[in-house]
Amino acid sequence: MKIERVLVVHKKSLYQLYVREHRDPAVRQALRRGDAAAERLRRSDLAHRVATAEVQRTLRRLGVASELRWRGQLRGVRDCDLVVAVGGDGTVLDAARYLDARVPLLGINSDPEGSVGHLCAGTASELGELLAALRGGALRPLRRARLRLRVDGRAVLGPCLNEALLAHESPAELSRFELAALAQAALGDEGQLLERAAVPWRASRSSGLWVCTATGATGAMRSAGGRSMGAGSRRLQYLVREPFHPPREVRAAPWSGFVGEGALLVAVSRMRRARLWADGPHRSVALRYGQTVVLDGGAPPLLLVPRSA
């Protein structure tokens with residue numbers, strides 16, 4: 001693999017946001033008291049800054065041209081052979097949104113002691129070895145399936161690597177929607193339902209709906225009671241969060257399942273103020289009553305560099 005130009009995407013640590021930029025008085029007071037949780041923010045910030053500097057030094061040492069960009073300023077990716085995301089899984093997800101199946105993404109966990117980094121290939125100290133393995137062909141990016149999200153036939157929020165969440169905009173409010181699993185043939189050319197009345201809708205009153213790819217099955221879906229999936233699977237998994245059970249009714253089995261490749265999930269909002277989130281809290285779109293959300297695996301896959309063996 002040719003690696004001559006690299007885009008380095010980095011996050012801002014919580015310490016950077018809370019203390020340096022927003023100068024939050026409560027956090028600053030906690031730091032003065034020696035509060036353990038606040039001190040962890042300081043240590044994590046230091047680790048992240050050291051890791052970012054080490055990534056830049058490694059690229060210079062290897063003669064690789066690079067550009068450093070904060071993830072909040074990222075609006076597109078072009079003219080590079082590789083994107084390196086320095087942070088954690090959230091930084092990888094934010095960078096992945098702007099990538100198609102041509103430019104690979106390599107995640108660097110900038111704080112291994114405080115971050116899981118499931119989507120990261122390694123740490124800053126391992127970057128040189130990872131690049132050498134990619135150049136020599138010993139390490140190859142893997143194709144990861146992604147979600148495509150549409151609202152009333154219009155694509156929204158970009159490709160989704162991990163999971164999508166449909167719920168009321170207030171976490172304390174009941175989420176009401178209708179759900180069905182359908183074949184692609186149920187949609188018209190513009191993504192609209194052809195036979196709405198014939199759809200076998202199932203009504204839900206719950207805390208919302210999770211839908212994930214195989215990549216996302218280890219995160220929120222697993223914590224909510226979902227099942228693990230093989231990394232190469234192109235199926236989607238869905239799970240209704242905390243479905244409401246009337247007091248006098250027998251508690252039903254969990255409402256969850258899988259949708260095969262080529263099929264799709266369709267949800268109709270029965271809420272005035274709902275939202276659809278993609279890959280965390282930073283990307284969402286408002287939904288009104290009666291709007292239709294279609295979720296399938298039609299987004300272009302992502303080339304993600306895996307952890308080296």
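Contact here means heavy atoms within 4.5 Å, and the structure shown in every view is a predicted model.

**View 1. Helix α5 and the elements that its buried residues pack against.** Helix α5 spans residues 127–136, and its buried residues are L127, G128, L130, L131, A133 and L134. These buried residues pack against helix α3 (36–61) and against the strands β3 (82–87), β4 (105–109) and β5 (122–123). After α5 comes G137, a residue whose phi is positive, near 90 degrees.

**View 2. The packing of helix α2 against helix α3.** Two packed helices are described by the angle between their axes and by the distance between those axes. For α2 (residues 25–33) and α3 the angle is about 100 degrees, and the axes are 8 Å apart. Helix α2 is therefore roughly perpendicular to α3, since angles of 65 to 115 degrees are counted in that class. On the α2 side the contact is made by V27, A30 and L31, which meet A38, E39, L41 and R42 of α3. Sorted by residue type, this contact of α2 with α3 holds five nonpolar residues, no polar ones and two charged ones.

View 3. A polar atom of the H168 side chain lies 3.0 Å from the backbone nitrogen of S170. When neighbours within four places in sequence are left aside, H168 is in contact with E173, L174 and S175, and also with M271, R273, A274 and W277.

**View 4. L209 in the largest nonpolar core.** The largest nonpolar core has 27 residues, and those touching the most other members are L149, L179, L209 and L276. With residues up to four places away in sequence not counted, L209 touches A164, L165, L166, F177 and L179, together with Y238, L239, V240 and A267. Another core, of 21 residues, lies apart from the largest one and includes V8, V55, V84 and L106.

**View 5. D24 in the loop between α1 and α2.** D24 is found in the loop that runs between helix α1 (14–21) and helix α2. Its relative accessible area is 29%, and D24 is therefore partly exposed, a class that lies between the limits of 20% and 50%. D24 and R150 are 126 residues apart in sequence, and their C-alpha atoms are 38 Å apart in space.

Key:
Residues are numbered from 1 along each chain as its sequence is written. This is a predicted model: local features need pLDDT of at least 70, side-chain atom pairs count only at pLDDT 80 or more; totals for chains, interfaces and linings use all residues. Side-chain values use heavy atoms; hydrogens and water are left out. Buried means under 20% relative accessible area, exposed over 50%, partly exposed in between (1.4 Å probe, protein chains only). Helices (H or I, at least four residues) and strands (E, at least two) are DSSP runs, numbered from the N terminus. A polar contact is a pair of N or O atoms within 3.5 Å; within protein, one must be able to donate a hydrogen and the other to accept it, and residues adjacent in sequence count only if both atoms are side-chain atoms. Axes are lines fitted to C-alpha atoms, for helices over the stretch in contact, and angles run from 0 to 180 degrees between N-to-C directions. Angles under 35 degrees count as roughly parallel, over 145 as roughly antiparallel, 65 to 115 as roughly perpendicular and the rest as oblique. Ala, Val, Leu, Ile, Met, Phe, Trp, Tyr, Cys and Pro count as nonpolar, Asp, Glu, Lys and Arg as charged, and the others, Gly among them, as polar. A nonpolar core is a set of buried Ala, Val, Leu, Ile, Met, Phe, Trp, Tyr and Cys residues joined through side-chain atoms within 4.5 Å.
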